[in-house]
Amino acid sequence: RMRKLYLRAGLLLCSLLMVFGMGTAQAQDTLQFGTGTVTNGNTIYPAPYGNWYWGARHQFLIPACDLANLGLNVDSITALAWDVVTAQGTPLIDFTIILGNSPATDLTTWQTGLQQVYYDSAYVDTVGWNWHNFDTTFVNNPSQSLVVEVCFNNSGFTNNAVFNQSATSNISSYWFRQDAAGV
């Protein structure tokens, strides 16, 4: 079966929807992770479409136990989306999504060894769920936490898009931003 997971992202975790593959079946399901009862401001992080600085790089951690509590035992991920409340509408240059698995239960250091699954040369966010269908399917290890990384680098700044988010009991987001090339 294919499963869609809505993830409400940090200590805040930004709202995220994922499409999961379960074995060789072809059906799709939609699941929502978190409540989405918190939003960031247009200068506050985490913000996967965050252009308050020229460039930003985020990682989000979804513990394996949280996915298991939803009944997910997925073997592949083929797409995801973030839930935008207020769009910024600024093209995000070289917008990239990278996924990986980790034994970590908190994001206290940058996770490495991840796989690029999506690229858009100039992604523009919109209000609602912003879908990213992967260029490459990610093979997931359900016994480990899932790490979702996004990055882009512009040559100027505007504001962040505002996202639905949820407070989490673990450190579930980690980010870097700066007004320079090469984020």
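Biologist: Which side chain has a polar atom 3.0 Å from the backbone oxygen of P46?

Modeller: In this predicted model, that side chain belongs to Q165, one of whose polar atoms lies 3.0 Å from the backbone oxygen of P46.

Biologist: And where does Q165 sit, and is it buried or exposed?

Modeller: Q165 is placed in strand β12, which covers residues 162–167, and Q165 counts as buried because its relative accessibility is 0%, where the cut-off for buried is under 20%.

Biologist: What about P46 itself, where is that in the chain?

Modeller: P46 is in the loop between β5 (38–39) and β6, and the peptide bond that joins Y45 to P46 is cis, with omega at about 10°. As background, most peptide bonds are trans.

Biologist: Which residue has a positive phi although it is not a glycine?

Modeller: That is D94, whose phi is about 55°; most residues other than glycine have a negative phi. D94 lies in strand β8, and D94 counts as partly exposed because its relative accessibility is 38%.

Biologist: Switching to charges, how many salt bridges turn up in the whole structure?

Modeller: The search of the whole structure finds 1 salt bridge, formed by E149 and R57, with the closest N and O atoms 2.7 Å apart. The pair links distant parts of the chain, since E149 belongs to strand β11 (residues 145–153) and R57 to strand β6 (residues 55–62), 92 residues apart.

Biologist: Are those two buried, partly exposed or exposed?

Modeller: E149 counts as buried because its relative accessibility is 2%, whereas R57, at 28% relative accessibility, counts as partly exposed.

Biologist: OK, now the inside: which residues touch the most other members in the largest nonpolar core?

Modeller: That core has 26 residues, and those touching the most other members are Y49, W82, F95, I97, L99, F134 and V148. The strands β6, β7 (76–86), β8, β9, β10 (128–139) and β11 each supply at least two residues of this core.

Biologist: Zooming out, how many helices and strands does the protein chain have?

Modeller: The protein chain has 1 helix and 13 strands, and from the N terminus on the order of elements is β-β-β-β-β-β-α-β-β-β-β-β-β-β.

Biologist: Last one, what are the overall numbers for burial and surface?

Modeller: Of the 183 residues in the protein chain, 52% are buried, while the accessible surface of the chain comes to about 7500 Å², with 52% of that area belonging to carbon and sulfur atoms.

Terms used. Residues are numbered from 1 along each chain as its sequence is written. This is a predicted model: local features need pLDDT of at least 70, side-chain atom pairs count only at pLDDT 80 or more; totals for chains, interfaces and linings use all residues. Side-chain values use heavy atoms; hydrogens and water are left out. Helices (H or I, at least four residues) and strands (E, at least two) are DSSP runs, numbered from the N terminus. Buried means under 20% relative accessible area, exposed over 50%, partly exposed in between (1.4 Å probe, protein chains only). Accessible areas come from the Shrake-Rupley method with a 1.4 Å probe; for residues, only the protein chains shown count as cover. A polar contact is a pair of N or O atoms within 3.5 Å; within protein, one must be able to donate a hydrogen and the other to accept it, and residues adjacent in sequence count only if both atoms are side-chain atoms. A salt bridge is a side-chain nitrogen of Lys or Arg within 4 Å of a carboxyl oxygen of Asp or Glu. A nonpolar core is a set of buried Ala, Val, Leu, Ile, Met, Phe, Trp, Tyr and Cys residues joined through side-chain atoms within 4.5 Å.
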